[in-house]
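Subject: Handover of a structure and its findings

Dear colleague,

Please find below the structure that I am handing over to you. My notes on what was found in it follow directly after.

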There are 2 protein chains.
Amino acid sequence: MSTNPRSTIPFSRDALDQVLKRRFFFAPAFEIYGGVSGLYDYGPPGCAFQANIVDTWRKHFILEEDMLEVDTTMLTPYEVLKTSGHVDKFADWMCKDLKTGEIFRADHIVEEVLEARLKGDKEARGISVAPVEESDDKKKRKKKVKEIKAIKLDDKEVAEYENILAQIDGFSGPQLGELITKYNITNPATGGVLEPPVEFNLMFETAIGPSGQLRGYLRPETAQGQFLNFSKLLEFNNEKMPFASASIGKSFRNEISPRAGLLRVREFLMAEIEHFVDPNDKSHPKFEAFKDLKLRFLPKGVQESGSTELIEESIGDAVASGMVDNETLGYFLARIYLFLTKIGVDANRLRFRQHMSNEMAHYAADCWDAELHTSFGWIECIGCADRSAYDLSVHSARTNEKLIVRQPLAEPLIVEKFEIEIAKKKFGPKFRKDAGAVEKWLLARTQCELEDLAKELKDEGKITFEVSGVEGKIELDTEFVKIEKVTRTEHIREFTPNVIEPSFGIGRIIYCIFEHQFWARPEDEARAVLSLPPLVAPTKVLLVPLSSNSELQPVVKQVSAALKKELIPFKVDDSSASIGKRYARNDELGTPFGITIDFESVKDLSITLRERDSTKQVRGSIEDVISAIKGITYENKSWTEGTSKLSPFETQAAE
Amino acid sequence: MSTNPRSTIPFSRDALDQVLKRRFFFAPAFEIYGGVSGLYDYGPPGCAFQANIVDTWRKHFILEEDMLEVDTTMLTPYEVLKTSGHVDKFADWMCKDLKTGEIFRADHIVEEVLEARLKGDKEARGISVAPVEESDDKKKRKKKVKEIKAIKLDDKEVAEYENILAQIDGFSGPQLGELITKYNITNPATGGVLEPPVEFNLMFETAIGPSGQLRGYLRPETAQGQFLNFSKLLEFNNEKMPFASASIGKSFRNEISPRAGLLRVREFLMAEIEHFVDPNDKSHPKFEAFKDLKLRFLPKGVQESGSTELIEESIGDAVASGMVDNETLGYFLARIYLFLTKIGVDANRLRFRQHMSNEMAHYAADCWDAELHTSFGWIECIGCADRSAYDLSVHSARTNEKLIVRQPLAEPLIVEKFEIEIAKKKFGPKFRKDAGAVEKWLLARTQCELEDLAKELKDEGKITFEVSGVEGKIELDTEFVKIEKVTRTEHIREFTPNVIEPSFGIGRIIYCIFEHQFWARPEDEARAVLSLPPLVAPTKVLLVPLSSNSELQPVVKQVSAALKKELIPFKVDDSSASIGKRYARNDELGTPFGITIDFESVKDLSITLRERDSTKQVRGSIEDVISAIKGITYENKSWTEGTSKLSPFETQAAE
């Protein structure tokens, strides 16, 4: 149970949910049809907040680093995702209760049941469990475990459960099956036996075209579209390395049992960077500037020992010690930290958790998640992985298109290598329309493969192979092909770049910021505030005439025009509600500034500026007030710096 | 065949395609896998151009009118699209050649074959047909008709064909079948007989959730998500009418045979506005300000008479005469015109075409398409329809949720009406968990339905009905329900708003702008220019040091910093290519300004500003040059106004 430092009133998820719903930040999609779990619509303030975060992301990452932004399709053919590994491996484990037909996500049910038993154990031991969090959890997570039984466990069992929970993200399906058997985990509602976990692919499938024969999926990530365009991007970048591409767009995941609101959804906005780098040189020119930044790490060794204690140290030290694999990865962790804290994440509730060995893809060199703490626990919001050369290599192997970098060598290199020579003229008559494909296949072989083929050609007098898309086996003898080891002087180095990939789940970040910035005024629990930073707040200013007297209208118009000219998003509230009510409404909307127009304003064109969090008020000319708003919102000025030209103002009106 | 007014060299679609490909504006998606027709990726300049157009759209429409932007999901359950009519009616007609298995879109094959015959007729009559356009067409449209046969037709037949082609968008499937039979239209490649047209639903289908039982589609438009949130949006707008919501996002259409590049794709970006308005009052407060704007119309009467002659008149006259149904519709046509011409559409190649009676949805009051002329003919880029109360009504009827506006009446109204009285207490015991649904169903009945029910109750002593989601027939007698005609004084008016919907296909607009703004320098056909307006050009400035001498570097850095500070997107090109080559590259990228830094710059910090279209150059201080760029790009200044502080400059370097 956490409390915002601005208030003594404990955080209430129920209260937050009510505000987000009442102000239409977001709502279940198709609600009048009963809704579909895992699908949400953003209303006007949520949509504007999201747009501002995306805009900040674009400036912080894309513009700052001159990244190449692309917009690629969501519909993706089967072949691409088969090659990338998603058809075979992008799956969760699910268990079915054969009697009721209910489907559970295997890791979730293990986690929930063990957590419930630990809570029951605490109760039995007379250790108090916070009741508010409990009831929130039950209501909002749609938990399967409806009741905590106060049963004391062995100390040994408690330790085992805690150890399992610390590693819950790392278990395979069969391992989860063993845990289910070993700890007798059943359907919490009925006690029914669960079938062993089976894999469920999380991609949405569809058919492209009228014949229904081209199988496709909705992309599970934007990354593949970037990899497939690698050669075009390298050319666009005038063949210069390293460089990064970036993409912002929706991705899809057919979750088994979506829960926890925006944290686990089936359609979500991602922002992904693919930074292409020389595998022999993962240094980063700007790393030096950030090396003293302190971050909080949870490395894999600590987790594997069953602990979750954080290590706080500078990113420079973390890279120097090898805990973080390389400078480029470290650079991005630092930049991620700066981005998150800029848009409203509480630095004290942010940690970088390293993937454990059993959790990390086999090709990944290293992987760190930026996790944010919420009332649901620690939530993975950003993955930052070194994907090595995996993706470019597999797509290249599958398509026979070279996805490589060619760089002039500083000094020529003398190398021994296998080379293949093809009797092109004979290919046409022999293979007809397939000639090109066969040739391409031969020319795409690696050195190791050529060595094997050379041996085969020598031993058998021919080579035999298959080419995807060409029917039957192909046999070629020395009339068609020669493969020999030769000595060459090379002036060009060819290599497949490695990829460092920071991948952001925008919706999750948005929800965590809501939790981090939500509080209630100590003097009145019912008065909630969403302290969104001015830079990303949906609306920057609420303009309120003190009364509906038409005398005030010309000043309202003048201030409106001035705000519009400066492109500062604002709303006018000239409703008959009291000033206090109007401000309270906008505190919930996260509007950082209020401008009050009163009868003095008509005389001298002075207006009052109110700050949302402190409710402080200052007064000055229209020009100075707008300049203060601009400075604080867009130029990173503090309240004191921004309002230096304005005078303190005591309000008479009760808030 | 059209030519850009800036050049005497005729437009070449091949040349444009090569530039768009070479500069990676866009490319076929999954190209290294052979591509998938109808799917395209945007590279960095295309992506930036698209982002700038979207940004301009947001300012021109959403900010200007204070519209409520929402972001709703693409995944949509079956029930929603069944109700909206898309499951039954969002389809094209396709014909199959049973022998070859080939599938043709019925209207396309009729159009193509008749067009080819008309061309053949012209050839036979010795009327020349432009050969360049021909060959482009064949190559790029993937036309099914590969060969034009010079066969003279009867004059009567020519007239018939021309009449059919003028109305080609208006035929139903059976009508197309009749044309195919009557004019003996066959598979152009084989002469094979085509099966009668059958409907093919254009939505991509998928299954939501692990059980596979919740059928869903990818949305074909963003509109439905806006309609379903109507009540929340009205509340957010403090119940004020009229108001508009807006949404920008991808939609999907499983085209039968995509062709013509970006003009007919399976996944596309849409920007849609739903303007909710009182059906009794479709006036618009800002119409007056635009009423003198002259537009070019192609009304339905003209088309139905077989002509395509345009009528040019003011939007004020068009609404006054009833040609355009109402002010709000007229207002949006005017705003659309201003938006399009701002982002680079040639006003002379823009027309507003009204839907013919047989083409318009039965519920629509009026519908106009903004069409842009290209080498493919006139292309529908924006639809602007009055959808009446259709969508809100059908969703309300299906879900029993009221989607209405309640407004206080100026004077109370005495009305006779049917009212229903429910014995709530008896509903619980009788219907248990279904009690709420039955009650809701009863309370959602219209006056006409209540009249019928009242009669039934009186005649039979009971009413019998079914409620979706509740099993079996429901019978209620007078113990449970009373329905009577009463006289009431009403203070509130309830109504279902009408919807005016301007709907933009961003990709199509983008392609049309490319065609409108592409030309070759008269002195050299190979030097192509893309005259994108500065406001939306992907990059605004190319910064070129005259030589790679390191002396120039400090000035390059200084100018870069100044541009960055002003958030003006720019690129530095310090490659060794000649100045002329570097500018030529950027003419193709549509970069409107060049800044040259030479050895004079090092001495006095003066720099040269080059304008892309005229290649004019002027010179001045860094500050004045940047201020000129800002003024022309963002403040709508002309070149002359913007550069008033700069001096003419004659370059020595050959371009």
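I begin with A:Val602, which counts as partly exposed because its relative accessibility is 32% (buried means under 20% relative accessible area, exposed over 50%, partly exposed in between, with a 1.4 Å probe and protein chains only). A:Val602 belongs to helix α21 of chain A, residues 599-604; helices (H or I, at least four residues) and strands (E, at least two) are DSSP runs, numbered from the N terminus.

Two remarks on conventions are needed here. This is a predicted model, in which local features need pLDDT of at least 70 and side-chain atom pairs count only at pLDDT 80 or more, while totals for chains, interfaces and linings use all residues. Residues are numbered from 1 along each chain as its sequence is written, chains are lettered from A and ligands numbered from 1 in the order in which they are written, and side-chain values use heavy atoms, with hydrogens and water left out.

Chain B contains an open sheet of 6 strands with mixed pairing, in the order β25-β24-β26-β27-β28-β29. Its edge strands, each pairing on one side only, are β25 (570-572) and β29 (647-648). Two strands pair if DSSP finds at least two bridges between them. Within this sheet, β26 (residues 593-597) and β27 (residues 606-611) of chain B run antiparallel and are joined by 4 bridges, with B:Ile595 opposite B:Leu609.

Two helices of chain B lie across strands of this sheet. Helix α21 (residues 579-588) of chain B lies across β24 (541-545), β26 and β27, at about 170° to β24(B). Helix α23 (residues 622-634) of chain B lies across β24, β26, β27 and β28 (617-621), at about 125° to β28(B). Axes are lines fitted to C-alpha atoms, for helices over the stretch in contact, and angles run from 0 to 180 degrees between N-to-C directions; contact means heavy atoms within 4.5 Å.

Strand β10 (residues 243-252) of chain B is mostly covered, with 10 of its 10 residues buried. On the parallel side, 2 bridges join β10(B) to β3 (residues 68-69) of chain B, and B:Leu68 stands opposite B:Ser245. The pairing of β10(B) with β11 (residues 267-277) of chain B is antiparallel and has 10 bridges; there B:Lys250 has B:Leu269 as its bridge partner.

The backbone also deserves attention. Most residues other than glycine have a negative phi, and most peptide bonds are trans. The bond from B:Met241 to B:Pro242 is cis, with omega near -15°, and B:Pro242 lies in the loop between α10 (230-236) and β10 of chain B. In chain A, the bond from A:Met241 to A:Pro242 is cis, with omega near -15°. A:Thr615, which is not a glycine, has a positive phi of about 60° and sits in the loop between β27 (606-611) and β28 (617-621) of chain A. B:Arg432 has a phi near 50°, is placed in the loop between α16 (424-431) and α17 (435-443) of chain B, and counts as exposed because its relative accessibility is 68%.

Finally, A:Pro28 lies in strand β1 (residues 26-28) of chain A. The C-alpha atoms of A:Pro28 and A:Tyr40 are separated by 4.4 Å, although the two residues are 12 apart along the chain. Leaving aside neighbours within four places in sequence, A:Pro28 is in contact with A:Leu39, A:Tyr40, A:Asp41 and B:Lys232.

Yours sincerely
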